[in-house]
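Subject: Structure handover

Hello,

Here is the structure for you to look through. Please open it first, then read my notes beside it.

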Amino acid sequence: MKLNIKNETGTLKSVVLGQPNSLGAVPTLEESYDAKSYDTIQKGIYPTEKDIINEMTEFEKILKKYDVQVFRPEIIEDYNQVFARDVAFVIEDKMIISNVIADRADEQEAYRKIFEKVKWRDIINLPDTAHIEGGDVIVWNDFIFIGTCFSEDYRNFKTARTNEYAINILKEYFPKKRILDFELKKNDREPYKGILHLDCTFNPVGTDKCIIYKDGFVDETDYRLILDIFGEENCFHVTDEEMFEMNPNIFSISPEIVVSDKAFTRMNNHLRNEWGMTVEEIPYREISKMGGLLRCSTMPLVRD
């Protein structure tokens with residue numbers, strides 16, 4: 001397979017979609033590793049496997065409607081494998097194998113058959129202490145935007161998934177890219193007060209536009225920088241509640257077509273009516289309860 005990812009919105013040709021089967025038991029609060037899951041476990045509304053399967057089946061139908069080749073990881077018994085984005089990610093023609101948190105370390109074995117389709121020289125394995133997950137990495141033409149946490153308490157946050165060492169390594173591998181790191185607010189237990197990954201607070205769409213949540217960034221100058229790059233008129237701002245519901249985390253099939261949660265009425269109407277996009281709406285409320293949404297569920301491999 002010849003990998004090719006130069007931005008977030010080029011016409012999608014092949015993608016890995018996470019695996020909803022054999023989800024396992026509802027985690028305990030101690031076993032949760034993101035604030036949204038902690039919140040839904042505490043409230044007793046953690047999703048069922050049946051609901052997760054139904055929602056991911058609808059997503060797969062939309063992908064296949066547009067002739068996208070869909071790969072799925074092997075099933076690991078009693079293990080959450082919904083969020084494919086973080087296991088590995090592609091930049092240009094290289095696949096970077098993530099060093100995910102220990103709670104998710106077993107997931108990568110389920111992707112072995114997919115990894116084997118990629119030439120070994122196109123796979124980058126990072127040192128063990130270089131921590132990064134695909135949800136923190138957004139490829140946008142000459143830019144690579146990366147979410148991170150510079151706090152001295154980095155190791156104490158389960159929601160801190162990408163460190164400075166990994167960013168520096170990517171700078172060595174992609175010296176021609178302008179790599180911008182954005183420090184994100186972190187909180188393991190209160191989803192209104194922290195951001196798990198960059199794509200939960202910022203996501204490009206179309207050819208020159210983006211969805212953004214201002215208060216996800218530690219430093220407002222990072223938010224301002226994104227506005228400078230895209231132009232304020234090309235940025236759709238989400239509210240606190242819309243961030244909590246994960247509005248930024250939609251998925252582009254092409255510059256003209258996005259897949260979004262049907263509950264995102266205000267944003268979907270804006271994408272259609274103001275930006276002229278085709279919005280494929282599907283139910284994804286249950287999956288959102290586990291701290292991720294549509295972008296999190298995917299690992300794009302090839303875009304035109």
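Below is what was found, element by element.

This is a predicted model, so local features need pLDDT of at least 70 and side-chain atom pairs count only at pLDDT 80 or more, while totals for chains, interfaces and linings use all residues. Residues are numbered from 1 along each chain as its sequence is written, and side-chain values use heavy atoms, with hydrogens and water left out.

Helices (H or I, at least four residues) and strands (E, at least two) are DSSP runs, numbered from the N terminus. Start with β6, residues 137-140. In a regular strand the side chains alternate between the two faces of the sheet. On one side of β6 lie V137 and V139, on the other I138 and W140.

β6 pairs with β7 (residues 143-148) in the antiparallel sense, over 4 bridges. Two strands pair if DSSP finds at least two bridges between them. W140 has F143 of β7 as its bridge partner. The hairpin has 2 residues between the strands, and N141 takes a positive phi near 60 degrees there.

**Aromatic rings**

How many aromatic pairs does the structure hold? There are 11. Rings of Phe, Tyr and Trp (its six-membered ring) pair if their centres lie within 6.5 Å; planes under 30 degrees apart count as stacked, over 60 as edge-to-face and the rest as tilted.

Take F59 and F251. Their ring centres are 5.9 Å apart and their planes at 75 degrees, so this pair is edge-to-face. F59 is in helix α2 (residues 49-65) and F251 in strand β12 (residues 251-252), 192 residues apart in the chain. Both are buried.

F182 and F217 have ring centres 5.8 Å apart and planes at 80 degrees, so they are edge-to-face. F182 belongs to strand β8 (residues 178-183), while F217 is in the loop between β10 (209-212) and α5 (220-230). Both F182 and F217 are buried. Ring pairs also link them into a cluster with W140, F143, F145, F202 and F230.

**Helix α4**

Which residues of α4 (residues 164-173) are buried? Among them are A166, I167, I169 and L170. They cover an arc of only 160 degrees around the axis, so they are on the same side of α4. The arc is that of the directions from the helix axis to the C-beta atoms. The buried residues pack against β3 (88-91), β4 (94-97), β7 and β8, where contact means heavy atoms within 4.5 Å.

Best wishes

Notes. Buried < 20%, exposed > 50% of the residue type's maximum accessible area, 1.4 Å probe, protein only.
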